[in-house]
Amino acid sequence: MIPEIEYSIKNVGETIMNRLKKGKPYSIVVVAEGIKTGDGKRAAEYVAREIEHETGIETRQTVLGYIQRGGAPTPFDRNLSTRMGGHATELIANGDFGRMIALQGNEISSIPLSEVAGKLKLVTEDHDLVVQGRRMGICFG
């Protein structure tokens, strides 16, 4: 569940119940911060409570927070950080400040902070991950 795409908690509950009927007793619902909750509560707390209300199934929330963010780096992560650090060092050596290091395709580059600061990059309905998720039967609401 993401803020950019409307959801129906009833649809989520129905999806969970349909999975249960197919012999799948467990479901994982991933909830982004910032979804509309209607009562101002934290997103995960709200969704867990509403799913339990809709389905009658005990529902627990887990907020990954720093546990997720603090995982062991992969070789790709290590290589990427080295490449980005090298590029940042070159920018500093050239006196080129106010830029953000970016991975664009397979290339390390930089873009002016003015192009990204204070701007939101929202997920659209036609984003490849949303389209693929729907094809796989993932419930977006």
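Predicted model: local features only at pLDDT ≥ 70, side-chain atom pairs only at ≥ 80, totals over all residues.

**Reading the model**

Biologist: Let us begin with a single residue. Is F76 buried or exposed?

Modeller: F76 is exposed, with a relative accessible area of 52%; the classes are buried under 20%, exposed over 50% and partly exposed in between, with a 1.4 Å probe and protein chains only. The residue belongs to helix 4, residues 75–93. Its C-alpha atom is separated by 38 Å from that of G23, which is 53 residues away along the chain.

Biologist: Which class does H87 fall into, buried or exposed?

Modeller: H87 counts as buried, at 19% relative accessibility. It too is found in helix 4. Leaving out residues up to four places away in sequence, H87 touches I101, I108, S109 and S110; a contact means heavy atoms within 4.5 Å.

Biologist: How does G85 compare with those classes?

Modeller: G85, which lies in helix 4, counts as partly exposed, with 33% relative accessibility. Between the C-alpha atoms of G85 and G13, which are 72 residues apart along the chain, the separation is 46 Å.

Biologist: Where is I5 placed?

Modeller: I5 sits in the segment before helix 1. Its relative accessible area is 4%, so I5 is buried. The C-alpha atom of L80, 75 residues away along the chain, is separated from that of I5 by 31 Å.

Biologist: How many helices and strands does the protein have?

Modeller: There are five helices and two strands; these are DSSP runs numbered from the N terminus, with helices (H or I) of at least four residues and strands (E) of at least two. Along the sequence their pattern is α-α-α-α-β-β-α. The radius of gyration is 20 Å, well over the 14 Å that the globule rule gives for 141 residues, so the protein is more spread out than a compact globule; the radius is taken over C-alpha atoms, and the rule is 2.2 Å times the number of residues to the power 0.38. Along the principal axes, the C-alpha atoms fill a box of roughly 60 × 30 × 30 Å.

Biologist: What share of the residues counts as buried?

Modeller: Of the 141 residues, 19% are buried. Among contacts with a separation of 6 or more, 43% come from residues 24 or more positions apart.

Biologist: Which residues make up the largest nonpolar core?

Modeller: In soluble globular proteins, nonpolar side chains tend to be buried together. Here, the largest nonpolar core has 10 residues: M1, Y7, I9, V12, I16, I35, A43, Y46, V47 and I51. Such a core is a set of buried Ala, Val, Leu, Ile, Met, Phe, Trp, Tyr and Cys residues joined through side-chain atoms within 4.5 Å. Helix 1 (9–21) and helix 2 (43–55) are the elements that give two or more residues to this core, and helix 2 gives the most, with four.

Biologist: Which residues does V47 touch?

Modeller: Residues up to four places away in sequence are again not counted, and V47 touches M1, I9, V29, V31 and I35.

Note on methods:
Residues numbered from 1 in each chain as written. Heavy atoms only, no water.
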